[in-house]
Each structure stands twice: as structure tokens, then as C-alpha cells.
Amino acid sequence: MPDESIELAIEIEWFGVDVHYQGQRTEEGDSIARTLFETVEYRAHAHGLSTPDMPLVLEVDEDNLDAQGFWEHLGFELFEWAQVESDRYLRMIRSASE
Ligand SMILES: CC(C)(COP(=O)(O)OP(=O)(O)OC[C@H]1O[C@@H](n2cnc3c(N)ncnc32)[C@H](O)[C@@H]1OP(=O)(O)O)[C@@H](O)C(=O)NCCC(=O)NCCS
């Protein structure tokens with residue numbers, strides 16, 4: 001778990017791919033999910049209020065093991081736990097350098 005403290009980060013509020021496109025590839029052979037996420041990331045970093053050193057942060061339900069694997073595959077790691085009412089979430093982070 002990273003020991004850095006986050007002051008400013010790009011928070012991905014929600015991310016999902018329509019079920020018909022999950023596991024699908026573009027004509028170039030790239031994952032649609034990964035391609036979509038890279039577009040989100042690019043646009044977030046291009047925003048005037050973001051800086052190149054801002055990490056990306058998101059939350060994923062503790063039971064959503066498929067999504068956790070997806071995020072780990074994209075370089076995210078557990079940062080901390082969050083509790084919202086009876087639901088527990090992993091907060092995951094990926095530094096800007098990856
Ligand atoms: C999570 C989600 C976005 C992943 O999209 P997907 O279409 O299933 O992902 P893909 O099958 O195209 O996989 C994309 C890449 O991640 C990898 N991957 C996917 N799931 C993985 C897992 N559980 N473990 C390891 N790698 C995984 C794939 O191997 C692929 O790698 P590659 O690009 O190097 O070939 C999608 O399943 C989804 O929208 N789920 C419902 C909403 C949701 O749970 N959102 C996340 C909430 S935080």
C-alpha cells in the first residue's frame with residue numbers, strides 16, 4: 001500500500017462499459033474498456049485544473065473482484081478502505097507516472 005498522502009487527485013467517480021461491449025476489442029485489437037479508460041484519463045489530465053503529477057483515484061466495491069482485477073491490471077493498487085453505510089469499498093490509486 002503506498003504511504004504517500006494524497007492532497008490533490010483526479011477522482012474517477014464511476015466507470016463502466018455497456019455489457020454488450022465488455023470483453024470486446026476494437027478493430028485494432030485493443031480492449032474497448034482499456035481504450036475508453038485511456039480516453040477518460042487523457043481528457044482528465046488535459047483539463048485546465050489538473051496537473052501532470054496528480055494521481056488517479058477511484059472506489060470499487062469490495063465484492064466486485066472482476067473490476068478489482070481490471071484496475072490492478074491497469075496499474076491501480078489498494079490505497080485505503082472506505083465505508084458508506086453498510087457497503088465497504090476499496091479506494092485504489094495509480095500514480096501519474098505509470
Ligand atoms: C470493470 C469493466 C470496466 C472491465 O471491462 P471489460 O470489458 O470487462 O474488460 P476487458 O475484458 O476488455 O479487459 C480489459 C483488460 O483488463 C484485463 N482484465 C479484465 N478483468 C481482469 C481481471 N479480473 N483480472 C486481471 N485482468 C483483467 C484484460 O485481460 C484486458 O487486458 P489487456 O487490455 O491487456 O488485453 C467492466 O467489466 C464493467 O463495466 N463492469 C461493470 C461496471 C463496473 O463494475 N465498473 C467498475 C466500478 S469501479
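Strands E2 and E4 pair in the antiparallel sense over six bridges; helices (H or I, at least four residues) and strands (E, at least two) are DSSP runs numbered from the N terminus, and two strands pair if DSSP finds at least two bridges between them. Within this pairing, Glu59 has Arg91 in E4 as its bridge partner. Before going further, please note that this is a predicted model, in which local features need pLDDT of at least 70, side-chain atom pairs count only at pLDDT 80 or more, and totals for chains, interfaces and linings use all residues. Residues are numbered from 1 along each chain as its sequence is written.

Now follow E4 to its other partner. Seven bridges join E3 to E4, and these two strands run antiparallel. Two bridge pairs to look for here are Gln83 with Arg88 in E4 and Glu77 with Ile93 in E4. The hairpin of E3 and E4 has two residues between the strands, and Glu85 takes a positive phi near 55 degrees there.

On to E1, which is joined to E2 by three bridges, the two running parallel. Here Ile10 stands opposite Leu56 in E2. As a reminder, strands of a sheet pair through backbone hydrogen bonds, either parallel or antiparallel.

Put together, these pairings give an open sheet of four strands in the order E1-E2-E4-E3, with mixed pairing. Strand E1 (10–12) and strand E3 (77–84) stand at the edges with a single partner strand each, so one side of each is left without a neighbour in the sheet. From one strand to the next, the twist averages 30 degrees. Helix H2 (residues 65–73) packs on this sheet and touches E2, E3 and E4, where contact requires C-beta atoms, placed from the backbone, within 7 Å of each other. The direction of H2 makes about 160 degrees with that of E2; axes are lines fitted to C-alpha atoms, for helices over the stretch in contact, and angles run from 0 to 180 degrees between N-to-C directions.

What about the interior? The largest nonpolar core has nine residues: Leu56, Leu58, Val60, Trp71, Phe76, Phe79, Leu90, Met92 and Ile93. Such a core is a set of buried Ala, Val, Leu, Ile, Met, Phe, Trp, Tyr and Cys residues joined through C-beta atoms within 7 Å. Strand E2 (56–61) and strand E4 (87–94) are the elements that give two or more residues to this core. Leu90, one of the core residues, touches Glu59, Val60, Glu62, Gln68, Leu78 and Trp81, leaving aside residues up to four places away in sequence.

Two residues show the contrast between inside and outside. Phe79 lies in strand E3 and is buried, because 20 other C-beta atoms lie within 10 Å; a residue is buried with 20 or more such neighbours, exposed with 12 or fewer, and partly exposed in between, C-beta atoms being placed from the backbone. The C-alpha atom of Phe79 is 9.8 Å from that of Ile6, although the two are 73 residues apart along the chain. Asp87, found in strand E4, counts as exposed because it has 11 C-beta neighbours inside 10 Å. Asp87 and Val17 are 70 residues apart in sequence, and their C-alpha atoms are 22 Å apart.

Next comes the ligand, which is surrounded by 16 residues, the closest being Gly16, Ser31, Ala33, Gly69 and His73; a residue counts here if its C-beta atom, placed from the backbone, lies within 6 Å. Helix H1 (32–46), E2 and H2 are the elements that give two or more residues to this shell, and H2 gives the most, with five. The shell divides into seven nonpolar, seven polar and two charged residues. In this count, Ala, Val, Leu, Ile, Met, Phe, Trp, Tyr, Cys and Pro are nonpolar, Asp, Glu, Lys and Arg are charged, and the others, Gly among them, are polar.

Finally, step back to the whole chain. It has two helices and four strands, following the pattern β-α-β-α-β-β along the sequence. Its C-alpha trace spans about 40 × 35 × 20 Å along the principal axes. Of the 98 residues, 12% count as buried. Among contacts between residues at least 6 apart in sequence, 56% join residues at least 24 apart.

Note on methods. Contact = placed C-beta atoms within 7 Å.
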